[in-house]
Amino acid sequence: MNIRLDLSHHCIETAIKRRHNAAISCFFKSRGPQPVLEDEIELLGQALKAFDFNRLRSQWVALSGHSDVIVDLSAGADGQPTLLVDGLVIVPPAASIQTATRQ
C-alpha cells in the first residue's frame, strides 16, 4: 500500500493525523468490510506511533509543511512504515536514511 501525503498546507504529522482521522470516519460510515481502508488505517496508525515527528521536521525542512515535496507513506519489507521523500527512504524513528532510486 502506498499513501500520497499532501504537505502543501500542513506538516508531516498533521497530514498523517488528518488522513488517519478521515480514513476512520469513512470506515465507520461504510457498510460492510473495507479491507483497503482497514489497511490504510493500520499503516497510518503505525506511522503516528513510530516516527519521531520533531526529528523529521528538524532534519528535513520540507516535512515542516507548506512544501510541494512529494511524500509517500508505505509499509517497508519488514512491515514498518516508511516515508519516501524526494528520493530518500526514511524509516522510524527518523534516524535511518537510505538512498532510493527516483521514481
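**Charges, fold and rings**

Tutor: In this predicted model, the protein carries 10 positive and 11 negative side chains, and the centres of the two sets are 6 Å apart.

Student: Which pattern of helices and strands does the protein follow along the sequence?

Tutor: The secondary structure of the protein amounts to three helices and five strands. Taken in sequence order, these elements give the pattern β-α-α-α-β-β-β-β.

Student: What is the radius of gyration of the protein, and why does it count as being as compact as a globular protein of that length?

Tutor: Along the principal axes, the C-alpha atoms of the protein fill a box of roughly 40 × 30 × 25 Å. For 103 residues the globule rule gives 13 Å, and the protein comes close to this value, so it is as compact as a globular protein of that length, with a radius of gyration of 14 Å.

Student: How are the rings of Phe27 and Phe28 arranged, edge-to-face or stacked?

Tutor: A search of the whole structure finds two aromatic pairs. In the pair of Phe27 and Phe28, the ring centres lie 5.3 Å apart and the planes stand at 80°. Planes over 60 degrees apart count as edge-to-face, so the pair of Phe27 and Phe28 is edge-to-face.

Student: Are Phe51 and Phe53 buried or exposed?

Tutor: The rings of Phe51 and Phe53 have centres 6.3 Å apart and planes at 50°, so this pair is tilted. Whereas Phe28 counts as exposed at 65% relative accessibility, and Phe27 is partly exposed at 26%, both Phe51 and Phe53 are buried.

Definitions and conventions:
Residues are numbered from 1 along each chain as its sequence is written. This is a predicted model: local features need pLDDT of at least 70, side-chain atom pairs count only at pLDDT 80 or more; totals for chains, interfaces and linings use all residues. Side-chain values use heavy atoms; hydrogens and water are left out. Helices (H or I, at least four residues) and strands (E, at least two) are DSSP runs, numbered from the N terminus. The radius of gyration is taken over C-alpha atoms; the globule rule is 2.2 Å times the number of residues to the power 0.38. Lys and Arg count as positive and Asp and Glu as negative; His and the chain ends are not counted. The place of a charge is taken as NZ of Lys, CZ of Arg, CG of Asp or CD of Glu. Rings of Phe, Tyr and Trp (its six-membered ring) pair if their centres lie within 6.5 Å; planes under 30 degrees apart count as stacked, over 60 as edge-to-face and the rest as tilted. Buried means under 20% relative accessible area, exposed over 50%, partly exposed in between (1.4 Å probe, protein chains only).
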